[in-house]
Amino acid sequence: MRRDKGKLSSLNWKLVLFAGIFQILTLIFDQIVIQYEEKNRQLTFNLLTETEQRSSYLSMNRRVDNFLLAFENIIFFTTSSNFSNDKKKYLFYSSVLDQARLIEDIFRDGSIKKAFLNKTIEAENIKVIAEDLTLEEINIEGGPEIPMKVFKYEDFFMKLVEHSLEIADLVEEDPDLKLNLDDSKIIIDAADLIQQQVEYNNYYLIDLLNDLSDLIKLSERKIDEINNEISSIQTNKQLMLLLGVVFQLLSLLCLLFLFRNILSENKLSK
């Protein structure tokens with residue numbers, strides 16, 4: 001018995017169904033690929049941002065390291081030489097100003113400020129040193145013990161800059177400054193005072209150098225994680241593309257069998 005003209009057989013309906021399902025799966029995998037590409041673009045942006053931050057940290061780290069080496073060389077050569085007090089004052093005065101500019105430049109960087117936003121440091125209470133104690137007690141070895149306090153990281157270094165500039169101004173205003181230490185016979189002149197400030201700053205710059213190194217290591221770990229995630233996304237995206245192509249071919253294959261069956265049935269019906 002002939003089939004009614006225009007009606008599809010059960011097999012043909014199944015082929016239509018499978019072609020539709022495979023086409024839907026193709027669209028689904030295409031959408032997954034689009035989402036992967038969007039995530040990949042975001043990760044690539046994050047990678048560029050983190051790479052720039054790492055470069056900034058490296059630059060600051062090298063700069064602090066070079067400054068510390070230069071300051072240590074100045075201290076070594078001046079203490080082991082027969083330089084006059086005037087020359088020592090000039091060298092250490094320049095060093096204090098360089099240290100202050102270095103710290104200001106570092107904390108002017110937005111990524112540094114953000115990285116150290118919640119960090120604290122336990123250090124000598126510079127406010128007490130600068131305001132509550134007499135000039136004879138300012139940052140001098142053998143002077144009274146300075147109380148320790150927990151500071152916000154950036155706040156402490158800004159106070160260190162302010163205090164360093166105060167010492168520099170003090171020496172500039174009175175190059176022949178001489179201070180008695182606790183009413184004793186120990187005399188501290190301007191060269192000794194500013195030298196001790198340089199050494200004091202160096203102590204905390206070493207902490208800053210170590211913390212910058214930690215930031216570099218943290219940034220490198222983030223870069224590795226982002227690269228691994230990008231690699232995983234690329235692999236998954238290629239798999240989704242492959243599956244999309246496979247289901248597209250299966251859909252076309254179902255349609256091909258459908259058209260062949262329809263043509264065969266039309267020939268038989270004639």
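Is Tyr203 buried or exposed? Tyr203 counts as exposed, since its relative accessibility is 54% and the cut-off for exposed is over 50% (buried is under 20%, partly exposed is in between, with a 1.4 Å probe and protein chains only). The structure here is a predicted model, where local features need pLDDT of at least 70, side-chain atom pairs count only at pLDDT 80 or more, and totals for chains, interfaces and linings use all residues. Residues are numbered from 1 along each chain as its sequence is written, and side-chain values use heavy atoms, with hydrogens and water left out.

Now for the overall picture. The protein chain has six helices and four strands, taken as DSSP runs numbered from the N terminus (helices are H or I with at least four residues, strands are E with at least two). Along the sequence they come in the order α-α-α-β-α-β-α-β-β-α. Of the chain's 270 residues, 35% count as buried.

Next come the rings. A pair of aromatic rings is described by the distance of the centres and the angle of the planes. Rings of Phe, Tyr and Trp (its six-membered ring) pair if their centres lie within 6.5 Å; planes under 30 degrees apart are stacked, over 60 edge-to-face, and the rest tilted. By this rule there are 14 aromatic pairs. One of them is Phe107 with Phe157, which is stacked because the ring centres are 5.5 Å apart and the planes sit at 25°. This pair ties together distant parts of the chain, with Phe107 in helix H2 (residues 85–108) and Phe157 in helix H5 (residues 153–173), 50 residues apart. Both partners are tucked away: Phe107 is buried at 3% relative accessibility, and Phe157 is buried at 0%.

Tyr203 and Tyr204 also pair up, this time edge-to-face, with 5.0 Å from centre to centre and 90° between the planes. While Tyr203 is exposed, Tyr204 is buried, at a relative accessible area of 4%. Both tyrosines belong to one aromatic cluster, whose members also include Phe107, Phe156 and Phe157.

Back to H5. Buried residues in H5 include Tyr153, Phe156, Leu160, His163 and Ile167.
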